[in-house]
Amino acid sequence: MTIVEATNYFARQDQAPAVLQQRRQASGIRRELGLEPGEILVRREGNGPDVRWECRFPSCAAYEADMAARAGSEAFVQARRVMHTLVERFERHVYEVDDSR
């Protein structure tokens, strides 16, 4: 079962560029940890988060291992702390891919 994690970042006023830069830094830390960097999406139009990050995991176990690696990384924990100073709202959503096609 494929798991998709999606995180939405709603930037404080005038902080969207800093949110994007901080997400890029977090993705770099993921690479250093040997984790999939995921994909960063930047809002082009419409309502919604200024920045969105998505990553796919081949199983629940892989997702849980990824979460544990992040939690065990002081660099990633610090990047998360900085991000929370830049956003008004943060959302994390975790999905299972419907393979019933």
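These legends walk through a few close-up views of a predicted model. Residues are numbered from 1 along each chain as its sequence is written, and side-chain values use heavy atoms, with hydrogens and water left out. Because the model is predicted, local features need pLDDT of at least 70 and side-chain atom pairs count only at pLDDT 80 or more, while totals for chains, interfaces and linings use all residues.

View 1. Helix α2 takes in residues 60–71; helices here are DSSP runs of H or I with at least four residues, strands are runs of E with at least two, and both are numbered from the N terminus. Y63, D66 and R70 are the buried residues of α2; buried means under 20% relative accessible area, exposed over 50%, and partly exposed in between, with a 1.4 Å probe and protein chains only.

**View 2. What covers α2.** The cover over the buried residues of α2 includes strands β1 (3–11), β3 (51–57) and β4 (87–96), along with helices α1 (16–32) and α3 (74–86).

**View 3. Two aromatic pairs.** A search of the whole structure turns up two aromatic pairs; rings of Phe, Tyr and Trp (its six-membered ring) pair if their centres lie within 6.5 Å, with planes under 30 degrees apart called stacked, over 60 edge-to-face and the rest tilted. Y9 and F90 have ring centres 5.4 Å apart and planes at 50°, so this pair is tilted. Y9 is in strand β1 and F90 in strand β4, so the pair ties together parts 81 residues apart in sequence. F57 and Y63 make an edge-to-face pair, 5.3 Å centre to centre with 65° between the planes.

**View 4. N8 in its strand.** N8 belongs to strand β1 and, at 4% relative accessibility, counts as buried. Its side chain meets that of R52 in a polar contact of 2.8 Å.

Methods: Expected span 1.5 Å × (residues − 1). Contact = heavy atoms within 4.5 Å. Polar contact = N/O pair within 3.5 Å; in protein donor to acceptor, adjacent residues only side chain to side chain.
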